[in-house]
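I opened the model to look up helix packing and a handful of loop residues. My notes are in the order in which I checked them.

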Amino acid sequence: MVLQVIKESYLSACRLLDEKKVGQEPVWLARIRESAAARFEELDFPTTRDEEWKYTSLAPLLKLPFRSRPERALRAVTARELEALTFAESRHSQLVFINGLFAPELSSTSAIPEGVLVGNLAAAVASDEAWLRDHLASWADYDQQIFTALNTASIDDGAIIYLPDGRLIETPIHLLFISTAGDAPLLIHPRTLLVAGRGTRVTVIESYTSLAGDTYFTNAVTEVVLNEGAVVEHYRLQEESPCAFHIATTQVHQARSSHYSSCAISLGGELARHNLNLVLEEENTESSIDGLYVVNGRQHVDNHTAIDHLKPHCTSRQLYKGILDDQATAVFNGKVFVREGAFLTDARQTNKNLLLSSEATVNTKPQLEIFADDVKCAHGATVGQLEEEELFYLMSRGLRPERARALLTYGFAEEVISKIQPRSIRQRLDRIVMEKLHQSWEVS
C-alpha cells in the first residue's frame, strides 16, 4: 500500500508534465511517454528478493516524499561555483543543466565545430529532427526496468549530441548536471542521447554534482549509439551530495568496427547504483570499460555491468576497482554474454576491492555465460586489505604510517585514474580520492 502511494506520487508528476506539454510536443514523443508511464504503473519496485537487487535495498529511498523538479533552479549558481566544476579541456564545449533543465546562460559551445549538434533535448524536440525520432528511447529498455520507465515517462529536457558521418571532435564535450534541492527532497530525471555517425570520434564527460548537502533523487538514463567505425571515449563522474540517491542506466549499442571506452567514477551519494549495458551488435567491435568507486561513512554503491557479444571477432575489457572505508558497502555484478556463433570473442573482466576498515563490506559477482566455441574469456575478483609488509617497507623508509597508507591506497586507485586522458579530470580525482581518505598529502 505504501509503495502504491509512492508510485502514484511519481505518476502525478508525469501527468502534470503531460498537461503542460499538450500541443507543445510531437505526437511520437507523447506516445513514448504515455507508454512508459503505463509500464511504470505495471512494474513493481525491486526488493532484495530480486536477484539483481539482492544486496541493495531501496527502503531508504522509497520512504522519502520526493517532489517533482521545479521550473527553475532554487538558487543561482555563482561563477566561482561553476568554475570549480569546469574542466579546462572543455571550458568552451560545456552544457550545464540545473535540476535537469538546460541553463544556456551557464553553458558555452563556442568550441563545437559547425555541423555537429550539441544542445538540449527540448530544443531538438521542438525542431522534430528525424534522427531524434529514430533513437530517443529506442535503446534503453523501459519494458522491464522500472526506473528507466519512470525517466522515459518524465522526458522533458536533457542533453543531446549528434555527430554526422566522418566528424572528428578534438575538444571533449562536458555535460554538467547540477542539483540544488533546497529544503524538500527533489526528484530529477536527467536524460542524455549520444549518436556517433560512421567514422566519427568524440570524447564526452558526463558529470553529476551538487552545491550543498541536499537530499534528492537523480534518476538518469543515457543512450549511446555508435555507428560503423565510430570511436567514443566516455567519462562518467558521480560526486553528488552525501544525502543524495542516484540510480542510472547507460545503454550502449555498437555497430561494426566501432570502439567504445568508458570510465565510471562513483564517489558521492547515500545510495548510488549504475547499470552499464553494452551490446556489441556486429563484428570487430571493441569495448573497454573501467570503473572506480571510493566510499566511506555509511555510503552504499552498486555497479551492475553487462557486455553482450552477439557476433564474432569482438573484444571487451573490464576493470572495476573499489576502495571502502568505515561502514561503507559496495556491490559489483559484471556479466559477459557470448552468444551462439560469436566465435573468436576475447573478453576479460576483473573486479578488485580494497577494504580500509574491518566494518566495510563488498559483495562481488563476476559472471560469464558462454554459448560459443573458440573463445578466450576470463574473469576474477579480489577483496583484501593493505599488506602489512608493504606498509612496513614504506615506514622503514621514513614515511609516517598515515602517509604510507595513503600512498598504497592511491596506488591502488591509480591503475584506473591513469587511464583517463583529460589531465584536469585526473587532477580532480587525485584530490577527491585523497579527501575521501581524509588525507591532505599531495600525490601529484
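**Conventions**

I am working with a predicted model, in which local features need pLDDT of at least 70 and side-chain atom pairs count only at pLDDT 80 or more, while totals for chains, interfaces and linings use all residues. Residues are numbered from 1 along each chain as its sequence is written, and side-chain values use heavy atoms, with hydrogens and water left out. I take helices (H or I, at least four residues) and strands (E, at least two) as DSSP runs numbered from the N terminus.

I looked up burial for helix 7 (residues 146-153), where buried means under 20% relative accessible area, exposed over 50% and partly exposed in between, with a 1.4 Å probe and protein chains only. Eight of the eight residues of helix 7 are buried, so the rest of the structure largely encloses it. I list them as I146, F147, T148, A149, L150, N151, T152 and A153.

Next I checked the packing of helix 7 against helix 2 (residues 27-42): the angle is about 145 degrees and the axes are 8 Å apart. Axes here are lines fitted to C-alpha atoms, for helices over the stretch in contact, and angles run from 0 to 180 degrees between N-to-C directions. The crossing of helix 2 and helix 7 is left-handed, meaning that the near helix is turned anticlockwise from the far one by less than a right angle; clockwise would be right-handed.

Which residues make the contact? I find I32, R33, A36, A37 and F40 on helix 2, and I146, A149, L150, T152 and A153 on helix 7, with contact meaning heavy atoms within 4.5 Å. By class, I note eight nonpolar, one polar and one charged residues. Ala, Val, Leu, Ile, Met, Phe, Trp, Tyr, Cys and Pro count as nonpolar, Asp, Glu, Lys and Arg as charged, and the others, Gly among them, as polar.

**Helix 8 and helix 9**

For helix 8 (residues 388-396) and helix 9 (residues 401-417), I read axes that come within 9 Å and cross at roughly 125 degrees. The two helices are therefore oblique to each other; under 35 degrees would be roughly parallel, over 145 roughly antiparallel and 65 to 115 roughly perpendicular, with the rest oblique. Their crossing is right-handed. I find E390, L391, L394 and M395 of helix 8 in contact with P401, A404, R405, L407 and L408 of helix 9. The class count for this contact is seven nonpolar, no polar and two charged residues.

**Loop residues**

N99 sits in the loop between strand 2 (94-98) and strand 3 (101-102). I read its phi as near 50 degrees, positive although the residue is not glycine. At 0% relative accessibility, N99 is buried.

S257 lies between strand 12 (245-254) and strand 13 (259-266), in the loop. Its phi is near 60 degrees, again a positive value in a residue other than glycine. Is S257 buried or partly exposed? At 37% relative accessibility, I log S257 as partly exposed.

S357 is in the loop between strand 19 (346-355) and strand 20 (361-370). I log S357 as buried, at a relative accessible area of 12%. The S357 side chain reaches the backbone oxygen of D326 at 2.9 Å. Setting aside neighbours within four places in sequence, I find S357 in contact with L324, D325, D326 and Q385.

Technical notes: A polar contact is a pair of N or O atoms within 3.5 Å; within protein, one must be able to donate a hydrogen and the other to accept it, and residues adjacent in sequence count only if both atoms are side-chain atoms.
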